[in-house]
Every structure is written in C-alpha cells, then in structure tokens.
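Have the model open beside the text as you read.

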Amino acid sequence: MTTESTSLPRIEDSQPFRGFLGMLGVELRVWFPWRVGTLIVGGLGVFATVYIPWSIAGGNQLGPLFLFAMTLWLILVLIATISLSEGTVLGDIERGTASWLVAMPIGRPAVIAAKAVAAAAGVGSAVMITGAVFYPLLQSAAQRGVTEFTVNKLLEVTEAPIGQWGQWITLPDGGTFFLMLLAIALLASFLVALMILLGTTIRSRTAVFGIGLAATAGLMVGWTVARRALAVSPVGLVTAVAEGVQNRPVEVLTAATATIALTIALVAVAIWRFGHKELS
C-alpha cells in the first residue's frame, strides 16, 4: 500500500498588512455608532449651552454665539479625542488583547494601521456631522438681528472692553465653514496618531493622557505666540479655524499637507515601535 503525501508550499515571507481589512472592520465598530454618537451629542450640548443663554438674553448679534460656541466645541473635540483614543493601543496591551491579536494571522503593522484609520474616520465623521447640524442653526441665529458692522459702531468698539470684541462677526459661507471643519478633523486625527504612538511607548495611561493634554495646550500656545512661524504645522490649522470664525479668508492647504504628513509619520513610528515591542 502506497501512502501519498502532499508537500505544502513553504511561506518564505509574510505580508505585514495581512488581516488589515478584518481589523479595520472591528475597529470601526468600536467607533461607530457609540463613540461617534457621543462626540456628536457632546458637540450639540456645547452649542445648546451657549445658544440657550444667548437666546434668552435676547441676543441679536452673531459674534458672541459663534465665537464662544466654536471655541468651546474645538476644545471639546480635541480633549474628547485624547480621552477616547489614549487606550487604543495601550488598553489592548494591558488587557492582553494585543498578544492574542498578533498570535493570529494578522500582521502587527495591520493592527496599528487599522486602529489609526478607524479612529481618524470616527472623529472626522463626528466633526463633519456636528458641523452639518451647527451651520443651519447658525444661519437661523444670524437672521435674528444685527450681524453687520456699521460706521456708527466704530466709537463703541474702540472704547469697548476686550470682552466685547468680535460682536459684529458675520457667518462665513458654506465653503469656508467646511474648511474650518476639515481643519478641526485633521487636528483630531493628528492627536489620534500621537496617542497611538504614545501607547506603543509608555505603559501608563495617565502619562499618555497627560502628554496628550500638554500637546493640545501646546497647539493653542503655539497659535498665540508664534502662529506665523508655525504656519506649516498643525498650529496652522488652529489659525485656519480662528480666521474662519472671523469670516476671513481661510487657507488650509499648506497646514493640512504638513499635518497629514506628520500624522502619517507618527503612525509609521508607532508601527515600528509596536513591531519591536514585547507584548507579554
């Protein structure tokens, strides 16, 4: 009796991104719908917090509403992004999930890439959806009263305290508002990449969260003290949002290109770190 044997082809190399689509599906379900929904509800809550007192007080100027709502929303988006993504990698390492994943036919680079893409898609979608709800509400508010600056207000503005500056802001057009939303989404994606990189480097979630907050504060401080020098960086996106709030021309191409390149670089370093990290 003859026994036939079949030789299996030997795999000489492995695909670093094998399993990416499967991992991406899993990570998208982490963000959609609950995390994205939380970000949207939080953004609408910020708008309501500013709009209701403005409306009750009989506000007839768009400036205070638009300025405070957008400022608070930007801060909320960035801090919430840090909070929701600081455990993206580190949480899996602490729970042992990361070791289980890499034991499966899934490449380590695929794990990090899927997490980064899903998180960026989640925060980006939340920003765009919230902005799509904001804009009609702002258009309605702009029709309630005075939004244009007139000559007879010149003396009042020059003598007014700093807290009254910006009361005669007009609402930017839809294209400019979209660019502002794009800038916020890219800023959040940059912070996601930073959180993922920190998660592959530091074993303390408190430290990762703290560095994320420090990075967010650094963006604001950089915009305050050196916005021109840091125009080709994520700080340039903060400038774009600030200019849009004042209904000035918004230019995001240079800052967006630099931010996307930096975000990809952070993810690439995170992939390298995760590939050499002891997970047990």
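Which helices each supply at least two residues of the lining of the second largest cavity? They are helix H3 (90-95) and H5. Before going further, a word on what you are viewing: this is a predicted model, in which local features need pLDDT of at least 70 and side-chain atom pairs count only at pLDDT 80 or more, while totals for chains, interfaces and linings use all residues. Residues are numbered from 1 along each chain as its sequence is written, and side-chain values use heavy atoms, with hydrogens and water left out. Helices (H or I, at least four residues) are DSSP runs numbered from the N terminus.

Let's stay with the cavities. On a 1 Å grid over the protein atoms alone, a cavity is a set of points where a 1.4 Å probe fits but cannot get out, and lining residues have an atom within 4 Å of a point. Grid points are joined across faces, edges and corners, and a volume is the space filled by probe spheres set on the points. Searching the whole structure in this way finds two cavities of 30 Å³ or more.

The second largest cavity holds about 30 Å³ of space. Around it you will find Val89, Asp92, Ile93, Ala98, Val111, Ile112, Lys115 and Phe274. H5 gives the largest share of this lining, three residues. Sorted by class (Ala, Val, Leu, Ile, Met, Phe, Trp, Tyr, Cys and Pro are nonpolar; Asp, Glu, Lys and Arg are charged; the others, Gly among them, are polar), the lining has six nonpolar, no polar and two charged residues.

Now move to the largest cavity, with a volume of about 40 Å³. Its lining consists of Leu39, Trp73, Val77, Val123, Ala126, Val127 and Thr130. Helix H2 (62-85) and helix H5 (108-142) each supply at least two of the lining residues, and H5 has the largest share with four. Here the classes are six nonpolar, one polar and no charged.

Next comes a space that is open. A pocket is an open set of grid points with protein on both sides within 12 Å along at least five of seven lines. The second largest pocket contains about 260 Å³ of space. It is lined by 20 residues, of which Glu27, Val30, Asp92, Arg95 and Lys115 are the closest to its centre. Helix H1 (20-56) gives the largest share of this lining, seven residues. By class, the pocket lining has seven nonpolar, six polar and seven charged residues.

Finally, look at how helices pack. Axes are lines fitted to C-alpha atoms over the stretch in contact, and angles run from 0 to 180 degrees between N-to-C directions; contact means heavy atoms within 4.5 Å. H5 and helix H10 (residues 253-275) pack at about 140 degrees, with their axes 9 Å apart. In this contact, Arg108, Pro109, Val111, Ile112 and Ala116 of H5 meet Val267, Ala270, Ile271, Phe274 and Gly275 of H10. These residues divide into eight nonpolar, one polar and one charged.

Helix H7 (residues 174-199) and helix H9 (residues 234-245) pack at an angle of about 150 degrees, with axes 9 Å apart. H7 and H9 are therefore roughly antiparallel to each other, a term for angles over 145 degrees. Their contact has twelve nonpolar, two polar and no charged residues.

Definitions and conventions:
Angles under 35 degrees count as roughly parallel, over 145 as roughly antiparallel, 65 to 115 as roughly perpendicular and the rest as oblique.
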